Amino acid sequence: MESTQNENFCIEAGFLDNALVMIAVLDEKGRVVSWNHAAETITGYSREEVFGSNAVWKNLYPDRDYRKSVTQKIANILKTKNSFENLETSILTRSGKTHIILWNTKKIDAGGLSRAIAVGMDITAEREASAFRENIIDNAFVLITVIDPDGKIQVWNKAAEMITGYSPDEVIGHRDIWKKLYPDAEYRRSITQKISRIISEHNHFENLETIIRTKNGDPRIISWNTRQIGAGGIYHEIAIARDITEQRKAEDALVAYMTEMTMRLKQPVGIISTTLLESADLIKQGMLTQQEIILMLEGQARNATQIEANIRQFQSAIVEKNRSIPEAYRKFLER
Amino acid sequence: MPDIIDPEELEQKKIFLILASPGTIRQRNIEIIKEVSTLGYHTVVITTNFPYSILTKLYAQNGIPSTRVSFIDAVTRNSIGNVENIPGVVRYINNPANLTDMGIAVTEVLKDHSGKKICIMYDSVSTMLIYLSSANISKFIHFVTNKLRLMDISGVFLAVEKGLDPMLMTQLTTFVDNVVDMG
């Protein structure tokens, strides 16, 4: 196996070994002529094991079809140029772990020998972190969208799709989602003006409530929060929103119910009190027979009993409507 | 003392919502019946708080001829049990929450007095709130006012002032022609 003077020099100088990226020098048949320490660490295969052979690629790409596709891809690139950049592949390490490697290669002529230098950056952790972030964004229970400086949507998570009915495919890369969500031009204009005013004053807004129209035409009340993210003069807007339609409905229902019950409790108590006073007056005047006195008293007792039943109904309705009531209060109300 | 009910409007078979304070609502009831009786009307009182027997005494005490008033009584039968209706005078229903029976009673009493100048008085919306939701009361009053308009009969609904929530108040206001707040 021939090694060029440069290769020996590099190895001797510790240039390859000290690199933080995987570096492999290959001959024209793909045989390894150099394999640095990072390559050993990442793949788990030592320099001695891989040197002079191209068998390591079978180990790194054990799936024949995948290996074939990677080889084909590389061959296609090298037909037109003698290097490629940022080719992402998945390798299987000796310990059985999958790593994602971002490859950059260059063909060189080393003293009459054709060599390919392959530099592989292990981006597994970065990809995992990115996938984790995307997963969090995608699975968040709130609508998350990111808008680029041109107003185009960059991120549209699952909750956004669930709430609005519009899929990421329909939204990402486009600007027209807002027209779809706010089809009424007048309302859209008023919202835009409000947002512009708030943004110009604070750069962000909190709990801005708007009513959107979903894809199937249903109105939903949405509470929006935004922040600017980015650096270097390029800023994106991240908007996080909650669908508060059901919450609003529950609140409205609760207010309506409380109003109703106030009306049905306060006034009847006043009626009982007035009726009893009037009855007392009629009794004083000697206008009522004993049967009529009983009739009046029983009637008001019945009214009072009904009011008590109404209060119980009111208590259970409050408990039913608001599950966040603390346990102790809930028990009291349920009595 | 000025009229609570404008005679001309009564003649036009209008429907009124009279709001009065809890302490004066009984007195307003008597005054209105006195007024409409004087104008030659026969009043059908739907009572949900005071029994027929006591109201007749109160009316007599205030000079209202008993022949000018008949009753749908939703109080007495609830206490005494089975009391017989007196044709042309009083029709009992079991309790104020039984709107079906009340609706039938209204229809039948109006039939009993067909040909007469009739005014229906409903005393009171407020007492009904003990037994019924505002939605049901609203539906019932809508039913009664429609019936009155179809039969060309005037009507008066009594309620305690400031006791109705804005929603019910708005609904009742749309069913009647005039709201008179007696404070």
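Predicted model: local features only at pLDDT ≥ 70, side-chain atom pairs only at ≥ 80, totals over all residues.
**Entry 1: chain B as a whole**

I started with a count of the secondary structure and found eight helices and seven strands in chain B. Next I looked up burial: of the 183 residues in chain B, 45% are buried. I also checked how far apart in sequence the contacting residues lie. Among contacts in chain B between residues at least 6 apart, 76% join residues at least 24 apart.

**Entry 2: the sheet**

In what order do the seven strands of the open sheet stand? I read it as β4-β3-β2-β5-β6-β1-β7 in chain B, with parallel pairing.

Then I went to the edges, where I found β4 (90-92) and β7 (178-181) of chain B. Each of these two has a single partner strand, so one side of each has no neighbour in the sheet. From one strand to the next, the twist averages 15°.

I also noted a helix lying against this sheet. Helix α3 (residues 52-61) of chain B packs on it and touches β2 (42-47), β3 (69-73) and β4 of chain B. The direction of α3 makes about 155° with that of β3(B).

**Entry 3: strand β6 and its partners**

I gave β6 (residues 154-160) of chain B an entry of its own. To one partner, β1 (residues 15-20) of chain B, β6 is joined by six bridges, and the two run parallel. Going residue by residue, I found B:Val156 in β6(B) as the bridge partner of B:Phe16, and B:Phe157 in β6(B) opposite B:Leu17.

The other pairing I looked up is with β5 (residues 118-123) of chain B, which is parallel too and has five bridges to β6(B). Here B:Cys119 has B:Ser154 of β6(B) as its bridge partner.

How many of the seven residues of β6(B) are buried? My tally came to seven of seven. Both faces are covered: B:Ser154, B:Val156, B:Leu158 and B:Val160 are buried on one side, and B:Gly155, B:Phe157 and B:Ala159 on the other.

**Entry 4: helix α7**

Helix α7 of chain B runs over residues 134-150, which gives it 17 residues. I compared its reach with the expected span: from first C-alpha to last it covers 24 Å, close to the 24 Å expected at 1.5 Å a residue.

Which residues of α7(B) are buried? I listed B:Ser134, B:Ile137, B:Ile141, B:Val144, B:Thr145 and B:Leu148. They sit on the same side of α7(B), because they cover an arc of only 100° around the axis. On the other side of α7(B) I found B:Ala135, B:Asn146 and B:Leu150 exposed.

Reading on just past the end of α7(B), I came to B:Asp152, which takes a positive phi of about 60°.

**Entry 5: where the chains meet**

Last, I looked up the contact between the chains, which takes 22 residues from chain A and 24 residues from chain B. On the side of chain A that touches chain B, the elements giving two or more residues are α11 (245-284) and α12 (290-321) of chain A. The largest share, twelve residues, comes from α11(A). Sorted by class, that side of chain A has eight nonpolar, eight polar and six charged residues.

Definitions and conventions. Residues numbered from 1 in each chain as written. Chains lettered and ligands numbered in written order. Contact = placed C-beta atoms within 7 Å. Helix = DSSP H or I, 4+ residues; strand = E, 2+ residues; numbered from the N terminus. Nonpolar A, V, L, I, M, F, W, Y, C, P; charged D, E, K, R; others polar. Buried ≥ 20, exposed ≤ 12 C-beta atoms within 10 Å, placed from the backbone. Expected span 1.5 Å × (residues − 1). Arc of directions from axis to C-beta. Pairing = 2+ DSSP bridges. Axes fitted to C-alpha atoms, helices over the stretch in contact; angles between N-to-C directions.
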